[in-house]
Amino acid sequence: MSIKPNTISISAEDIQSNFNEVNPGLTKKEAIEEAHRCLYCYDAPCIKACPTGINIPSFIKKIASGNMKGSARVIMEANPVGASCARVCPTEELCEGACVLNNASKPIMIGDLQRYATDWAMKNQELLFKAGEPNGKSVAIVGGGPAGLSAARELARLGYKVTIFEAKDKAGGLDTYGIVSFRLPQEISLWEVEQVEKLGVEIRTNCQVGKDISVNEIMDQYDVVVLAIGMGNVPMLGIEGEDLDGVYDAIQFVEDTKTKPLTDRFVGSRVAVIGAGNTAIDAATCSVRLGAENVTILYRRTAKEMTAYQFEYEFAKQDGVEFRWLTQPVRIIGDEQGKVKQLECIRMELGEPDASGRRRPIPIEGSEFVMEVDTVIKAIGQTRYVDLIEAFGLEHDNGVVKINEETLQTSNPKVFAAGDVIFGDNQGEAMVVSAAEQGKQAAYGIHHYLFGRKNESSLAG
Amino acid sequence: MADLRINLAGIESPNPFWLASAPPTNSGYQVQRAFEAGWGGAVWKTLGEPILNVSSRFAALHYNGQRVVGFNNIELITDRPLEVNLKEIYETKKKFPNHAIIASLMVEPKREKWHEIVKRVEDVGVDGLELNFGCPHGMAERGMGSASGQHPDLVEQQTYWVKEVAQTPVIVKLTPNITDITHTARGAVQGGADAISLINTINSLMGVDLDTWHTIPHVAGKGAHGGYCGPAVKPIALNMVAECARHPEINVPISGIGGISTWKDTVEFMLMGATGVQVCTAVMHHGFSIVEDMIDGLNNYLDEKGITSVQDIIGQSVAKYSNWGDLDLNYRVVARINNDVCINCNKCHIACEDASHQCIDILTNVNGEKYLEVREDDCVGCNLCSIVCPVEGAIDMIEIPSETPMSWNERQAAIKEPSCSSS
């Protein structure tokens, strides 16, 4: 789908249509033709490359044979947020990257096929799983994002009484609020939430643990707790002018495009996005779609060090986003009304590698310059809910909860953790699909802890 | 540029590609268009008593996204009046004097009926006759088609009646719906046939609709067996051609039919004893223009092989088609995997593991990468791995030097004879 050019003449309808899903999905014929290309490898590398271990050849062959419900079930069985992952996974780095056809011809479009199968299930309103026989144990899950939902789904199938505590209005976390609509419409994530709810899982939304319910109450009322609280907003840049009108937090900014009427205040404006991760790309492409005339991503290192996926980078370039490498903002300058007017930056050069293994950026003295901008969007990472982690009394490392990597049990045996709350240096990767797998593993860890059962053998269909 | 002309029992045509008697040869309009496209001959859709057809009448087998790997029909012989067909045959022959036009005939098993129709079609100038003893449906219920074709004596008898009056070569078209096609082929030869053509269609039921539970196709909710053809039947047809070609008593030319879609299929049929081929399903799928590549491909193939006339390849592989008892028991091949080409789909491993002799191991090299290796001592050379392998050149079947050749028949003979060395 082409987007409307970022001219002053852009209408509200244009802006609205700019946020429609970009990828139209495969047609039935395309899906079946593509499914027939799959070799149905034995011991297939794509399965191993999927963090949730979806039996990919199996679900693809089921598409080819016309067994759509079976196909969707294979996907969602392994990955309770498989419909979202079909859209947001970096497939070329995971399943499709491992496809044996990479060198022989071209890899199978696994992500698109996964979307085709899950879209079918969504359209046909199929309930793919059922709750297990009640086993008398209760679990509180703090956080209703991918990790929490995934844990809830598996626990419900194992017969647990599960309650999710979600601070926001809706569950789904990043999938519901944090990924731009033109890549992941909210209804996809909400369908996954509904699938979990239909297993009898109670989701208490607008319920912030530590405020609306105390940590102690949760610890007392439930046999086990899963901490799946994810991460918070973007940290402060720590420069002058951050409180000016026109400075946004990228996460909040993307969330607004998914939850509020789309604004026209960006039409014809100049936007600077600070940072070059996937969230920065999202903020930049949203700005373009909101009608911004000029969108520039500023990054203190080079293209080589940025954390955005290659396909995200390509996507942004196609949207006309400009990239300015080795550039760091030092001051946001406002006008008399307190609105952003300019951004002062300094040029950088790369020195020795730092703790992250990437070459450290060093300011070049006297290279300061000023850009004319109307909006500054910060996308330099995410803060952690250290207070809440500490309220649970868990050992952590700068907000990264310490766990037994096999069972996902924390320093408190009653508390398990999954998702971004355990993502950190040398511990996992921040992907929706990884969070889903951790949620599953936490559920199995709990089952083992309470009943001594290690695997998922007692799962309900 | 090789000479593509053939001469089948005296019927000459500019190339070996004929249209089989079927929907594509239903009218003068179609046959003339076909000749313009390059077809060398056409067997006019079977003439006989005007009959009634049903709707619908065709069905196809689609496999793994590939359309029309098999095809069937419950259509009968021509439903146009004989006079109309004869007039169009006459006009077509006049326009295309160098192309072969053969009239396919089917009448009741009565001498005077055969005599009458043979005279009438020969009067309009056909180059030959093809007796349809093959259609398995509809006409068979009236004692015609395969009802006759399944009885060698009836084939012989009716061929004989035709030969009593025929002035042009007589081809007898055989049904595959029989245990041993050489029996009916011999009947045809004994009746005086100048050539045989095979195969006609095979009894089939294409499918059942999963929602309505009707057969595919169905006529107002009811179905009947149809005649199966198309690429899926080629191996069956090729075997039957080969069995006839190598039979010492069946010493007449063969017109090959059954799943022929390309010049390659044609070469195979001709190597196995066919003098030319007849094509239908491929045309029904793609139209007359496919003959362009059939001619071009055959010509390039012959040029590449240094063969000046296509007739030189006829029957060249017949002697290689033998009996199991004559095969060398000591000949051995083993699979060898080329790991530079292998893409590690492991399909050979699981095929060998689940369905053959468990001799392909998944190993890990010093870099921790998986690779496959055949334990050649345990390999029986069944070919399964190389068949399931999706990559060209990843698995070779290697010939292993073996002891002196010995077939089962030779072995049995040796056991019966007293050994010289025994005291």
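Which residues of chain A form one aromatic cluster? Tyr299(A), Tyr313(A), Phe323(A) and Trp325(A) do. Keep in mind that this is a predicted model.

**View 1. The aromatic cluster of Tyr299(A), Tyr313(A), Phe323(A) and Trp325(A).** For context, the count of aromatic pairs over all chains comes to 17.

View 2. Tyr160(A) has 5% relative accessibility, so it counts as buried. Phe451(A), with a relative accessible area of 32%, is partly exposed.

**View 3. Trp114(B) and Phe133(B), an edge-to-face pair in chain B.** Here the planes are at 65 degrees and the centres 6.0 Å apart, which is why the pair gets the edge-to-face label. Trp114(B) is part of helix 3 (residues 111-123) of chain B, and Phe133(B) lies 19 residues away, in the loop between strand 8 (128-132) and helix 4 (146-149). Both Trp114(B) and Phe133(B) are buried.

**View 4. Lys168(A) over the ring of Tyr177(A).** Look for the charged end of the lysine, 5.2 Å from the centre of the tyrosine ring.

**View 5. Arg289(A) over the face of Phe182(A).** In this view the distance to the ring centre is 4.1 Å.

How values were computed:
Residues are numbered from 1 along each chain as its sequence is written. Chains are lettered from A and ligands numbered from 1 in the order in which they are written. This is a predicted model: local features need pLDDT of at least 70, side-chain atom pairs count only at pLDDT 80 or more; totals for chains, interfaces and linings use all residues. Side-chain values use heavy atoms; hydrogens and water are left out. Rings of Phe, Tyr and Trp (its six-membered ring) pair if their centres lie within 6.5 Å; planes under 30 degrees apart count as stacked, over 60 as edge-to-face and the rest as tilted. Buried means under 20% relative accessible area, exposed over 50%, partly exposed in between (1.4 Å probe, protein chains only). Helices (H or I, at least four residues) and strands (E, at least two) are DSSP runs, numbered from the N terminus. A charge sits over a ring if NZ of Lys or CZ of Arg is within 6 Å of the ring centre and within 35 degrees of the ring normal.
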